[in-house]
Amino acid sequence: MSQEFRISSGGLIDRSKEISFIFNGKKYTGYKGDTLASALLANGVHLIGRSFKYHRPRGIIAAGVEDANGKVQLYKDSITEPNVNVTEVELVEGLRIESQNCWPSVNFDVGGINNFLNRFFPAGFYYKTFMWPKSFWYNVYEPFIRKAAGMGKASLDPDPDRYEHQYEHCDVLVVGSGPSGISSALSAAKNGARVILAEDKARFGGSLLTDNVTIGNKKGDEWVEDSISELKSMPNVIVKKRSQVFGYYDHNMLVMFERCKDHLKNPEPYTPRQRLWYIRAKHVLISTGSIERPLIFANNDRPGIMLATSAREYLKVYGVLPGKNPIIFTNNDTAYETAIEFKANGIESIVLDTRKSSNAGVVQEAKALGIDIKFNHGIANTSGYKKVKSATVGELNESKNGYKNLTTIPCDSIFVSGNWTPTVHLASQSGNKLKYESETDTFLPNQSRQQETVIGSANGSFTLKESLTDGFSKGYQISDEITKNGIETSIPISDEKDFGSHDKFWCMPLPNKKHYKRFVDFQNDVAVSDIQLAVREGFRSIEHVKRYTTLGMATDQGKTSNLNGLQLVSDLEKKIVPEVGHTTFRPPYTSVTIGTIIGREVGKNYRATRKSPMHEWHEKHNAVFVDAGLWLRPRFYKRGNETLQEAAKREALNVRQNVGICDVTSLGKIDIKGTDSAEFLNRVYTNAFLKLPVGKARYGVMLREDGMVFDDGTTTRLAENHFHMTTTTAQAANVLSHLEYYLQVVWPELDVNVVSTTEQWAGAAIAGPKSRELLQRLFPEEDMSNEGFPFMGFKELEFKNTIARVFRISFSGELAYEMNVMSDYGEEMWNEIISQGKDLGIQPYGTEALSTLRIEMGHVAGSEIDGRTIAYDLSLEGMLSQKKDFIGKRSLSRKAFTEDNREKIVGVVPIDKKTSIPEGSYLVENAKAGFPNPKLGHVSASCWSVEYDNPFSLAIIKDGKNKKGEKLFAVSPLKNKIIPVEIVSQHYVDPEGKRVRS
Amino acid sequence: MLEIKCPYCGNRSQNEFAYGGDATVKRPELNSEISDQDWDHFVYYRKNPRGNHLELWHHISGCRQWFKVLRNTATHDIIQTMEMKENP
Amino acid sequence: MKKYSVFSLVKNALNHHKDWEVAWRDPEPKKEYEAVIIGGGGHGLATAYYLAKYYDLKNIAILEKGWIGGGNVGRNTTILRSNYMHDANNLFYEQGMQMWRDLSQELNYNVMYSPRGILNLAHSDAQLNAYARRGNSMRLNGIDAALLGREEVRKMIPFADFTENARFPIFGGLLQPIGGTARHDAVAWGYARAADDMGVDIIQHCEVSGFDVDNGKVTGVQTSKGNIKTNKVGLCVAGSTSILAEKLNMTLPIEAHVLQACVSEPVKPLLDGVVTFGAGHFYCSQSDKGEMVMGGDLDGYNSYAQRGNLPTIQHVLTEGVALFPNLSRLKILRTWGGIMDMSMDGSPIIDKTHIDGVYLNCGWCYGGFKATPVSGLTFAHTIARNEPHELNVPFKLDRFHTGHLIDEKGLGTKTWIS
Amino acid sequence: MSKITPLSNSHELGLHGNCKDKDEANLLVIREVTNIKIYQLSKFKKSNFDINNFSLDGYKLPNESGLSTGNENLRILWQAPNIWMIISYNENIIQEIGKQCSDSDFAITDLSHSRAILEVKGKDALNVIKKGSPLNLNNFRKNNCANSVYHGITVSIDMINDDPITLNIMALRSFAGSFHHAITDASLEFGFNAI
């Protein structure tokens, strides 16, 4: 019969809506409002998976994020996801889950053999072995270990879901919606504060959903419902469930993920699967509650053994009985509530209490109900391989290191309670140095580091009354510091059961001469013996113990194991817990989907793309684009089935012979105005700019203060106090910041304004012997003769009904012009130039042809100006003014920069005039020399010289100035190339630079 | 994400800003005699304190102004932000 | 020291591991040492080990302010490589790679050196050419490297984005086959155990508060456990270098920056080697436990806080998913930060100082872990012989005066731009 | 001479996103702002020009960070100390400006072609911004403006109306395609009408 562990009524699930799912191939049903965990338990399924190291059968131990064992591989539609926690997944139609870390099946797992060999695999065993023979570690052992490890399988497909982000700013962020959370949110909101209340579960209320209490005259859960709807009705409040605040970062920035979609049957279109919230809060109220601690005893990891309060949560929230014949094992009073709750549902239980007695109200109530209580008892061992069958229990001796007698009690479940661990992660992440409270054996928040306040049981207030008082008063105080409204909310009267203190005894002794495993960290199989071993071997710091044993390093991050491990170390070390200290709490509090963290910047939109106004034209004309930073630039315009090299050759040759046009919009343009502009440029550039005549352009070089060449470009004087600077595409943004830095930080006395006009202007370079004729056609009225418009001249001209800025500058080394019009007109200008140039044989050319042209001319570009070269290396020393100081000049006198065999740029031609020299090759004297083979320098750029129809390269080599005519070898071992070469001038074509001036 | 108070625009999130490094290094005057050691220190050497650090930030996606921030490098707490002409 | 062996494992297993001895002692400091190494991280422990082993200094102390291995040796992404462009770097790190190969046996401690290869992806021909320059430089120094095309890369990482949808398509990559990973904690513990075995005193929770210097010569250190006499002091405190240097009135060409890393939840084997994304600074490998170990950019401002902020993690993971779209569905389990000594040219400093007997080992930027053995060896040499080992001659401090910089990235002094 | 506006190739008219069985009145309305003039006015350090003597259609230069002013046809945005951006449908606004100040007082730069501008109108307009920008919009009102980042793209945001909320969002022209995608993608969840 299905759901035989579901009670007929009660709980917050909707019995009218049955939902089916598949676990390990078998179909089960649950109800709307279930988690996978509650639905599985309703069907009596406890065995979920196998443990990491020993492959021991494991079941659900909790009802929330703290669960360590309930990890499965989830399948829905086409998607699969590993390591999904069954306690966190809400039941919807279409879920299929499978056990992990077991083969062939969870019921029969070959890896289980590890369990019987477990004595050979203690903590850190792999550091001591697998070393012989030497290469076996990475050839044999490691591959095997890698296969064995790893839990679930990652999907190999892209994630089909959407993830979005949202930035919010609020006065008070309340994390957790238990009694203290809701009450503080209420009082802060009523006092006018902008409040965000976040609850990680699917239901608000926290402990109020499971505890039998009243607030005002309402039952706990009713009070929750009313309070939440009141909060939702307020405009200054955001209330979010299914929202986990997982990180507390600097300056009160908290980060939360909201699960928006997976729980919905038919979500609206474009609903993100999850939304990441960046929340900047003036103050944070941390009411994250506390997590129950397991007790430690032999074989305490069997399916069916779970935390007592979780068992009660399954009963009260989901109407599920995790067991019908439970043993309840505790060292404190809270577990009695579970016994009482089960009794109320007709389930008899035995309570084993390590304490000699307790006169707490709740215990008296349990007695009165006739519940069988055995004080001073402990569990010595359990049996049942895939599900707990029985417990061997005994009365503890006086020193509690053994048992007086042992009897075996059959059971189908054991609900344990080892006291409570406040959830202080966020406070700790914020920088709060925790303090140890020995009365409750807990770490509690101490001095707040940022604007945070911890309330409720997270702060050690374990009664409802304390929590409410704490919540209402703190909510008011904190909000009032911000709003100053002075509206205080009165604290309702509450009624709850009476609880006493816990027993500081939590690790049960083993039966005589037995070596059973007593697990501390379930998922990573860390047992008491492992921690003993670590300490024995001198791993004393808790961080050492953690790393050596992997305690608390599983996917649950030790939420149930860290404190027990810590207490164990302190006992072994005979130290008090605070001396041992705790491991650092690092974000995220619970695992976060990577897609959620990155949001929408995926695929093509991973980074923005920058395009010129002529981009569509290029696309229409078969341009093949290349990434230049964020820019997309035409690399070449493909004709038929041309290769890159063929196209580049054709386009470059056409520039040399006729005329070509190239989109240069991406070059940085900076408009510089002000009375000190010339003086400023004179300091920024290595060459003189003071006397640049109006209407003239000048090539300039900039250095960094360390003397390295930073950028180059031409700057034109448009008017006495107005300049137009161009930069390389790559450095445009850096140059602008560089200029602003010197104007604002170093020389604030200079009156200069700089602004980027890169996108204001569309730019076209028109190059080639026929470019003048073309320009003349574009501007018939204008004198375009060499005298009328000389090299490095500038004209602002009427072009159709707008203006064009025309510069006579050249990167190609040919007679060339650069024409700018305002961007909206870019494509029109381009079309006009093309049509006017048709019969001149005009062709567009891309960056590949552009580099061919500049390389054979010996012009340097990014591959030479790589941040490691000085002007001399690039044969730009002529650009260094001797008369004036400039940025970086002082560095140039340094030893390395003045050595006479300093690297210098040269030209390189293969002796055979055929073999292209791969870029990134090195020049050596002896290609056959042994290692290390001394390098003279490297080949920075290569091309096929269209002028001479043979390969040509630029190289930067030691003592380059004296190397011309030498025969060397260009070697590229990566490409198995050894090419005899001759060193020539870097200026392979038109060394005197006649053409640009012709 | 740090929250930085731009002296001109007020509190803004870090991703509007670019970092500019140690604000205590002062560029030597142009055309002045500078010893090798002074120059090396200007270019390469940094006090790099653990604690309060006077540094430059550039509100690059805001008002594009450079300004000074006094920030604790151990806690990331910002003690003070100021215009270039001001001092802590 | 009882050697670890199959025999010792079985023997101890049979008596339930009651007889394992401590991996290293926990001694009180003596009055005087021949050499004092400050910093119980990988480099400090290795330095002490090699001093004792090859330079027969017997009376050595390591002073660690916290617990050994708690700094960057326990916080890095465990990557080993020597795929550098500059000779000074690739020769130095290659020596390290040779040492990694034998380290487990040398230390009788399994440091899990695993040469599964490191692949730097290129996303343009220009970048591939820059990598060719690097790879050729390696090959001319006898270091194995291979330049891969797009299809060869696809064979290695078929689940990377080879679709039209990739913002920066993969053009190819540079592979160093013997690059890989090692188990970071094991490196610290292995050196500690071996050094302790040779009589080195490892003194934890002992913070150095000052130095005794007598007309230009160091005579001792002041610590939280009292004053200790010595004539040789080695600083191996990456992340705190400037703070200790200040006590010696030294400023250095170094800034402290926080670098974050993160791991996903463990999954079955997906990625064999180490892969770096060339259109950003994302790098990724998969640990033996199955976790995807990922890192990338600095947070980008001076910091001594071993914590970063989420936008940097977001930025790095965005690059990760741009490369491996399927990562989107995995979950981040843990993030953490470490303090980098960012030097002004991106390369380390191993040198003497202006004070006799004080030696400097710092400026490792993000590259310290892979250097652990060779850094220890060359620093031990520098300390013992009072002159640098030939391998660390290029890493002297005066390069910031002479201009013989070793700048792999060409970014100059803006250390925070990674 | 024929013009091509920055977004003419990106902006597809019609209904997009989650608008099935939704009242069109509740959808966002997104349009490209075109045919405008943009000038940056940057007052020189040495100028002693009193900006209170400057006004366009009666609107003065807002002298406080985060403030903008103007109407449907003219916007004046504070950009930085002594720097303003003037956006106008008036073809000849530069003459208006020229009448009141000179090149020696201000660096006046024509940026009319350098920006892509989207107008986003509707109750969810601010939520669109929140999806990609860390700005604190809690007190962002009519005639407030700010420069910030949106999905990594530098933007200027100007609230020209608060009922209905109407925002002008500007980015550098070369980013037009990515900028348009970022804004419209964030609007899909609400549904929008591109006009």
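Me: Which chains share the most contacts?
Reply: Contact means heavy atoms within 4.5 Å. Of the five pairs of chains in contact, chains A and C share the most contacts. On chain A, 119 residues take part, and they meet 121 residues of chain C. Chain C and chain D do not touch, their nearest C-alpha atoms being 10 Å apart. This is a predicted model, where local features need pLDDT of at least 70 and side-chain atom pairs count only at pLDDT 80 or more, while totals for chains, interfaces and linings use all residues. Residues are numbered from 1 along each chain as its sequence is written, chains are lettered from A and ligands numbered from 1 in the order in which they are written, and side-chain values use heavy atoms, with hydrogens and water left out.

Me: How much area do chain A and chain C bury between them?
Reply: The size of an interface is often given as the accessible area lost when the parts come together. Here buried area is the accessible area (1.4 Å probe) that two parts lose on being put together, summed over both. For chain A and chain C the value is about 10,400 Å², with 55% of it on carbon and sulfur atoms. Y127(A), R146(A) and L974(A) supply 8% of the area that chain A buries against chain C, more than any other three residues.

Me: How many salt bridges are there between chain A and chain C?
Reply: Side chains of opposite charge can pair when their charged atoms come close. The rule for a salt bridge asks for a side-chain nitrogen of Lys or Arg within 4 Å of a carboxyl oxygen of Asp or Glu. Between chain A and chain C the count is 15. One of them joins R167(C) to D627(A), with the closest N and O atoms 3.0 Å apart. Helix α4 (residues 136–148) of chain A gives the most to the side of chain A that touches chain C, with seven residues; helices (H or I, at least four residues) and strands (E, at least two) are DSSP runs, numbered from the N terminus.

Me: Where does the salt bridge between R329(C) and E81(A) sit?
Reply: In this pair the closest N and O atoms are 3.2 Å apart. R329(C) is in the loop between α8 (310–323) and β17 of chain C, and E81(A) is in strand β6 (residues 79–85) of chain A. Both R329(C) and E81(A) are buried, a word that means under 20% relative accessible area, with exposed over 50% and partly exposed in between (1.4 Å probe, protein chains only). The two residues also belong to a network of salt bridges whose members include D159(A), K261(A) and K331(C).

Me: Why does D525(A) count as buried?
Reply: D525(A) counts as buried because its relative accessibility is 1%. Its salt-bridge partner is R58(A), at 2.6 Å from N to O. The pair links distant parts of the chain, 467 residues apart. R58(A) is buried too, because its relative accessibility is 1%.

Me: How many residues of chain B are in contact with chain A?
Reply: Chain B has 27 residues in contact with 28 residues of chain A. The area buried there is about 2,400 Å², of which carbon and sulfur atoms give 50%. Five salt bridges cross this interface, among them R280(A) with E3(B) at 3.9 Å between the closest N and O atoms.
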